Structure formats: structure tokens, C-alpha cells
Amino acid sequence: MKRRADLLDKLTHLGRPRARRPRPVNLPMEFASTYLFDSLEEFEAARAARFEKGQLNYGRYGTETTYALEEMIADLEGGYGAIAVSSGLTAIALAILPFVATGRHILVADTVYGPTRHFCDAILQRMGVSTTYYPPGIGADIEELARPETCLIFLESPGSNTFELQDASAVARVARSRGIVTVIDNTWATPLNFRPIEHGINIVVHAGTKYLSGHSDVMIGLIVADGQNYDPIRRTSLALGERASPAEVFLTLRGMRTLEVRMERHGATALALAKWLKAQPEVDRVLCPALPQCPGHAIWKRDFDGISGVFSFVLKPCSKDRLAALIDNLDLFGIGLSWGGYESLILPADVTASRTAAPWTTPGRLVRISAGLESPASLIADLQAGFERFRHNS
Ligand SMILES: *Cc1c(COP(=O)(O)O)cnc(C)c1O
């Protein structure tokens, strides 16, 4: 197994120009619809190989910029190949679509990102593909939910907003024994903190929109697959005409160069904030995989190399006005969707409506934090002032 430290040189050296003399440090941003060939023979050879990774043929298949990022993320995750698409949600849809058909059945973690659930309930259901949601702590017992028509298991670990860890190895073992494909959303961990393919998972998806690009300006998705599953995904993405913009790919490559230093700081700051929040009398629970009371903490210790900057806390039951008193007027925390950028964010999340297999019964309001790169002491002071407002608003 790779260790996190083994990935550092790759973040710096993969996806760089090789052939030119002299050469710039960075690849230029290559925009192309048309590639020109010197002969009909060359053209036909490229055409015949167009579904293979890294083939320059026509802009929709990818440009040199696209292929540099795809090669880098595939290498970091230990996969055969990667495909860059226009958003994280597109990556999720494209990791599922090639493997389902009318009459088939999939298993999806109850704690998945909300729009993943919507894709299953709205689009897949209309195609005649049924979904069963399973509790994230299921492990090897997932065998009991598998049917003869089950073709895919979707995991997300830790889960969105509530951060329950999944035993990916146990689920992958069951899936392999029954010929079921496994897909995991690894956006929270990034390949620096968890490499699911090493644990037997077939396909990894990322919202590169979050930590990989890291600056709250790019929308991009990445799918990394093992050797058996790359080709159907590549063909499906091309059949749908789906591709990432070279500009957003370029910015993601730029973000990847500093991924390790950013993740180190995001994780350390998140842990400091989580510990501070846990000590506040108004806080009922803190949901962060690095804390022993987080469900699946032992799995985090076994499988992961660190945490990212995103975690949640649950307030003891309180009015909406008091919640607003805490969150409004924070100086450093923005109120907004997404996470994984350099700036800190805070946002309440309602998870009760979206859980069916593992209902969320904790009564208080859940608040998600994305710890940015500001000083941890200033972030704590900002939250402290928010809690003062909370205490004085009754
Ligand atoms: C944001 C997010 C996505 C979707 O990514 P987009 O680029 O916004 O489409 C998928 N999974 C997780 C866990 C996310 O947080």
C-alpha cells in the first residue's frame, strides 16, 4: 500500500511537459476542437484508438491538458485510468450509468450526498433501476441486501454532513464475491487521506470542485477506475458528449500542486475547531472522524491518513433566531454551499428528510463547518463571538 508521503513527489512532478526543449514548468492550457494529422494513415490510427486513454483525436475526447490531470489522479488513486468531466455530480452519474439496465438493482449508502440520492430516485428509477439505501455501518452484512439483480454498490465515506465511516474493505469483499461493481465518493478524503482502490473498490469519484481544485472557483468531476471498468465509463462519457473544460482542468492541476500543504492545514484547523466546539455547553455533539465518538472512528484510524477541514456539530435544541444569532455576523466564516476552498464556511444542514435506512434522530440543529486557511485562533475567536450572541439571544 502507498503511504501519503509517497504521493508528495507525484503532486509536484506528474502532469508536466516532457518533450519540449527548453520547456516551461507548467503545461500550457491546451484548447482544441481539431487536431491535425500528417497523413491519412496517422489519422486513421488515432481514430481507431480513440477510446484509449490519452489519445489526441478530437477535442471532445480530451486535450493534452485533460490527459495530464487524468494521469495524475489515476496514479494517486492507484487506478488504471481517469476521466475528467464537468462536475462532481456528472462523475457520479457516469460511474453508475454504464453498469445499470432496466430491471437491475443498486445499493446506495443512506448517507450519500443529497443530489446522488436524487439521481437514483429521479433518473434511475425512471429507467427501471431500483435503489435500496443501506445504513453506512453495514459492513459485510451488505450481503443480506444483495439480490441476484444487484449490479452496483455505491459508498461514500465518511457520509455527507454526518461523517459516518464505512468499512469499504468489507463491502468490497462481498461485492467481489458476487461480481458486483463498487463505486465510492472519495471527495472528503482526497487520495492523500484514503485510497479506496487499495481496499478493493473498483471506481472512485471526486467532486474536484472541492479540495482538488481548492479555490472555490472551479466546477469539475473526476472518475478513476480499475482496468476492468475504465473502458465502459470512458465510452459512456463520450457517448454523452461529456467533457471537462481545459480551463477548469488547468486550474485543478494548479490546485493539486499545493494539495498536501492545504490538506495538512485544513485538517489541523478542523481538529482545533472541533475540540473547541465540543467544550461549549450549547453543543450536543461534534461529528468529526478524528474524534472517538464519531461512528466508525476505528475504521478511520485503520484506513485513513488524516482528516480534511469539513465536519459538523449539533447544537442542543434551540430556536431559529438563536441559530441565526450565532451564524449571522461572523467575520471570517461565509454562509454558502460547497466546501474545500481556502476560505472558511458555515452552514446549517437538515439531514432528517433525506435518511431512510438509518434515520437521523438527534433533535438539535446540525451545522457544517469547512475550515479554511485562516489562523485557527482567529476562527475560534470568531466562533466565540458567535456563541456570545447565541447566549444573549433568548
Ligand atoms: C459537492 C459534492 C459533490 C458534487 O460535486 P459538484 O462538482 O458540485 O457537482 C459530490 N459528492 C460530494 C461528497 C460533494 O460534497
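The following paragraphs describe the ligand site and then the aromatic pairs of this predicted model.

The ligand sits in the largest pocket. Its shell consists of 14 residues, and the closest are Gly88, Leu89, Asp185, Thr209 and Lys210. By type, the shell divides into six nonpolar, five polar and three charged residues. Helix H4, which spans residues 88–96, gives the most to this shell, namely three residues.

On the backbone side, an N or O atom of Leu89 is 2.8 Å from an oxygen atom of the ligand. On the side-chain side, Asp185 places an N or O atom 2.6 Å from a nitrogen atom of the ligand, and the side chain of Thr209 has an N or O atom 2.5 Å from an oxygen atom of the ligand. On its own, the ligand has 380 Å² of accessible area, and the protein covers 92% of that.

The other topic is the aromatic rings. A pair of such rings is described by the distance of the centres and the angle of the planes. The count comes to ten aromatic pairs. One of the pairs is formed by Phe163 and Trp188, with 6.5 Å from centre to centre and 55 degrees between the planes. Phe163 and Trp188 are 25 residues apart, and their pair links distant parts of the chain. Phe163 belongs to the loop between strand S4 (150–156) and helix H6 (168–177), while Trp188 belongs to the loop between strand S5 (181–185) and helix H7 (190–193).

Conventions. Residues are numbered from 1 along each chain as its sequence is written. This is a predicted model: local features need pLDDT of at least 70, side-chain atom pairs count only at pLDDT 80 or more; totals for chains, interfaces and linings use all residues. Side-chain values use heavy atoms; hydrogens and water are left out. A residue is near a molecule or strand if one of its heavy atoms lies within 4 Å of it. A polar contact is a pair of N or O atoms within 3.5 Å; within protein, one must be able to donate a hydrogen and the other to accept it, and residues adjacent in sequence count only if both atoms are side-chain atoms. Accessible areas come from the Shrake-Rupley method with a 1.4 Å probe; for residues, only the protein chains shown count as cover. On a 1 Å grid over the protein atoms alone, a cavity is a set of points where a 1.4 Å probe fits but cannot get out, and a pocket is an open set with protein on both sides within 12 Å along at least five of seven lines; lining residues have an atom within 4 Å of a point. A molecule sits in a cavity or pocket if more than half of its atoms lie within 2 Å of its grid points. Helices (H or I, at least four residues) and strands (E, at least two) are DSSP runs, numbered from the N terminus. Ala, Val, Leu, Ile, Met, Phe, Trp, Tyr, Cys and Pro count as nonpolar, Asp, Glu, Lys and Arg as charged, and the others, Gly among them, as polar. Rings of Phe, Tyr and Trp (its six-membered ring) pair if their centres lie within 6.5 Å; planes under 30 degrees apart count as stacked, over 60 as edge-to-face and the rest as tilted.
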